[in-house]
Amino acid sequence: MPRRIFRLPLWLKLLFTAWILFWAPAYAIMLGAENYFWLCNLASFLILFGLWAESRLLLSMQWLAVVLVGLFWALDVGVAWLAGFHPIGGTEYMFDPAHPSLARVLSLYHLVLPLVAGYAVLKLGYDRRAMVWQTLLTWLVIPLTFLFTEPGRNINWVHGPFGTQQEALAPLVYLAGLMLGWPLVLYLPVHGLLCYLQWRGKVR
């Protein structure tokens with residue numbers, strides 16, 4: 001039986017595992033288990049599994065899930081820090097003294113996840129099935145978030161965009177729009193770019 005060749009470095013797997021072992025219980029204690037319904041938080045666990053399994057599909061899915069979210073998060077925090085206003089919204093908690101300081105520091109993982117998932121995809125290649133599977137996962141998580149999390153927390157923005165509460169649309173109409181918009185706005189552009197790079201031979 002041929003020996004399996006591992007393409008992702010052991011140090012990355014161990015370092016990311018150590019991070020999850022610290023981050024996950026810390027978040028649960030400070031923010032509650034509901035916080036894991038956030039798609040970016042769920043991505044942390046799926047990236048961990050994907051790293052150890054060296055799953056091209058799973059890591060490609062999470063690359064779609066975190067890259068634009070991470071960029072928008074960094075833009076919103078960066079502009080708020082430098083200019084004092086949020087161009088997008090949703091990161092106000094980073095400047096809220098009532099929000100636990102450690103939780104704010106740990107939220108910097110939004111900058112790390114795209115790097116880890118992107119490196120893994122660069123090494124393993126991009127799986128085009130990721131668009132469909134990540135969309136299906138999102139369509140599962142968003143309704144569950146709506147049903148089982150507190151409306152006031154507005155996790156995954158299921159009660160209003162950019163961390164706000166919306167009243168213009170019926171809740172289920174808004175939820176349906178969110179389920180459609182999430183993959184179209186956040187996943188499809190990245191998927192299209194990676195497919196183009198594959199066609200050009202820049203990405204496997």
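I started with leucine 102, which counts as partly exposed because its relative accessibility is 39%. My scale: buried is under 20% relative accessible area, exposed is over 50%, and partly exposed is in between, with a 1.4 Å probe and protein chains only. The model is predicted, so I keep in mind that local features need pLDDT of at least 70, side-chain atom pairs count only at pLDDT 80 or more, and totals for chains, interfaces and linings use all residues. Residues are numbered from 1 along each chain as its sequence is written, and side-chain values use heavy atoms, leaving out hydrogens and water.

Next, I looked up where leucine 102 sits: in helix H4. Helices here are DSSP runs (H or I, at least four residues), numbered from the N terminus.

Which residues make the nonpolar surface patch? I found Phe22, Leu102, Val105, Leu108, Leu111 and Val112, covering about 500 Å². Helix H4 (101-106) and H5 are the elements that give two or more residues to this nonpolar patch. Patch members have over 30% relative accessible area and no salt bridge; nonpolar side chains are joined within 5 Å, like charges within 9 Å. A salt bridge is a side-chain nitrogen of Lys or Arg within 4 Å of a carboxyl oxygen of Asp or Glu.

Then I turned to charge. Arg7, Arg56, Lys123 and Arg204 gather in a positive patch on the surface. Lysine 123 belongs to helix H5 (residues 109-124) and is partly exposed, at 32% relative accessible area.

Last entry: is threonine 149 buried or exposed? Threonine 149 counts as buried because its relative accessibility is 7%. I located threonine 149 in the loop between helix H6 (130-148) and helix H7 (171-199). Its side chain reaches the backbone oxygen of threonine 145 at 2.5 Å.

Key. Accessible areas come from the Shrake-Rupley method with a 1.4 Å probe; for residues, only the protein chains shown count as cover. Lys and Arg count as positive and Asp and Glu as negative; His and the chain ends are not counted. The place of a charge is taken as NZ of Lys, CZ of Arg, CG of Asp or CD of Glu. A polar contact is a pair of N or O atoms within 3.5 Å; within protein, one must be able to donate a hydrogen and the other to accept it, and residues adjacent in sequence count only if both atoms are side-chain atoms.
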